[in-house]
Amino acid sequence: MKIEDCLFFTLTGTARRASKFWKQSVAEFGITGVQGLVLNALSEQEPISSIQLGQKVQLDSATMTGILDRLEQSGLIQRMANVEDRRAVRITLTTTGKGVTDKLQHKLTEANQHYSQNLSAQELKTLKGLLAKL
């Protein structure tokens, strides 16, 4: 099989280009692309445990810990003890974090529209469906 016919090669290249595009889209906020996705997910549901947040954005606990450390150092999130489970930590946005996520929501919509502009609405729907099947 030629490399250009390999599904893994195609998906990896596409994922790299999409990641680079998103990273450039959020650079103005002083965060990484992954941090931007975590903040967006957190804005949908907070407070949330770090384990639930990691599951939501599909990151393992070691990766999540590093991301949360940097977001906390930047003053965008805060960790709070979970009164129901002392082993768990609840994550919330700070006031500054809420301001950033408000802008990120707009940026996420804008970036998605720009990145997929060469696809019709039906093609985009089909692509999302096919990717979900994989």
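## Close-up views of a predicted model

**View 1. Lysine 56 and its contacts.** Leaving aside neighbours within four places in sequence, lysine 56 is in contact with Ala41, Glu44 and Gln45. The model shown here, as in every view, is predicted. Lysine 56 belongs to helix 3. Helix 3 covers residues 50–57. Is lysine 56 buried, exposed or partly exposed? Its relative accessibility is 34%, so lysine 56 counts as partly exposed. The cut-offs behind that label are under 20% for buried and over 50% for exposed. Valine 38 sits 18 residues from lysine 56 along the chain. The C-alpha atoms of this pair are 8.7 Å apart.

**View 2. Serine 25 in helix 1.** Helix 1 spans residues 7–26, and serine 25 is part of it. The relative accessible area of serine 25 is 13%, so this residue is buried. The cut-off for buried is under 20%. Which residues does serine 25 touch, not counting those up to four places away in sequence? They are Lys107 and Ala111. Both numbers fall within the 95–115 range of helix 5.

**View 3. Helix 1 against helix 2.** Helix 1 packs with helix 2, residues 33–44, at an angle of about 75°. Their axes are 8 Å apart. Helix 1 is therefore roughly perpendicular to helix 2. The range for that term is 65 to 115 degrees. From helix 1, the contact takes in Trp22, Lys23 and Val26. From helix 2 come Gly33, Gly36, Leu37 and Asn40. By class, the contact of helix 1 with helix 2 has three nonpolar residues, three polar and one charged.

**View 4. Helix 2 against helix 5.** The axes of helix 2 and helix 5 cross at roughly 105°. They come within 9 Å. Helix 2 is therefore roughly perpendicular to helix 5. On the helix 2 side, the contact residues are Gly36, Leu39, Asn40 and Ser43. These meet Val100, Thr101, Leu104, Gln105 and Leu108 in helix 5. The contact of helix 2 with helix 5 holds four nonpolar and five polar residues, with no charged ones. Gly36 and Asn40 of helix 2 take part here and also in the contact with helix 1.

**View 5. The largest pocket.** How much space lies in the largest pocket? The volume is about 1,300 Å³. The lining of this pocket counts 34 residues. Nearest the centre of the pocket lie Ala15, Ala18, Asn112, Tyr115 and Leu131. Helix 1, helix 2, helix 3, helix 5 and helix 6 (121–133) each supply at least two lining residues. Which helix gives the most to the lining? Helix 1 does, with ten residues. Sorted by class, the lining has 20 nonpolar, eleven polar and three charged residues.

**View 6. The protein chain as a whole.** Six helices and three strands make up the elements of the protein chain. From the N terminus on, their order is α-α-β-α-α-β-β-α-α. The C-alpha trace spans about 55 × 30 × 25 Å along its principal axes. Of the 134 residues in the chain, 30% are buried. Serine 25 is a buried residue. Contacts between residues at least 6 apart in sequence were also sorted by separation. Of these, 51% join residues at least 24 apart.

Conventions: Residues numbered from 1 in each chain as written. Predicted model: local features only at pLDDT ≥ 70, side-chain atom pairs only at ≥ 80, totals over all residues. Heavy atoms only, no water. Helix = DSSP H or I, 4+ residues; strand = E, 2+ residues; numbered from the N terminus. Buried < 20%, exposed > 50% of the residue type's maximum accessible area, 1.4 Å probe, protein only. Contact = heavy atoms within 4.5 Å. Axes fitted to C-alpha atoms, helices over the stretch in contact; angles between N-to-C directions. Parallel < 35°, antiparallel > 145°, perpendicular 65-115°, else oblique. Nonpolar A, V, L, I, M, F, W, Y, C, P; charged D, E, K, R; others polar. 1 Å grid on protein atoms, 1.4 Å probe; cavity = no way out; pocket = protein on both sides within 12 Å on 5 of 7 lines; lining within 4 Å. Points joined across faces, edges and corners; volume = space filled by probe spheres on them.
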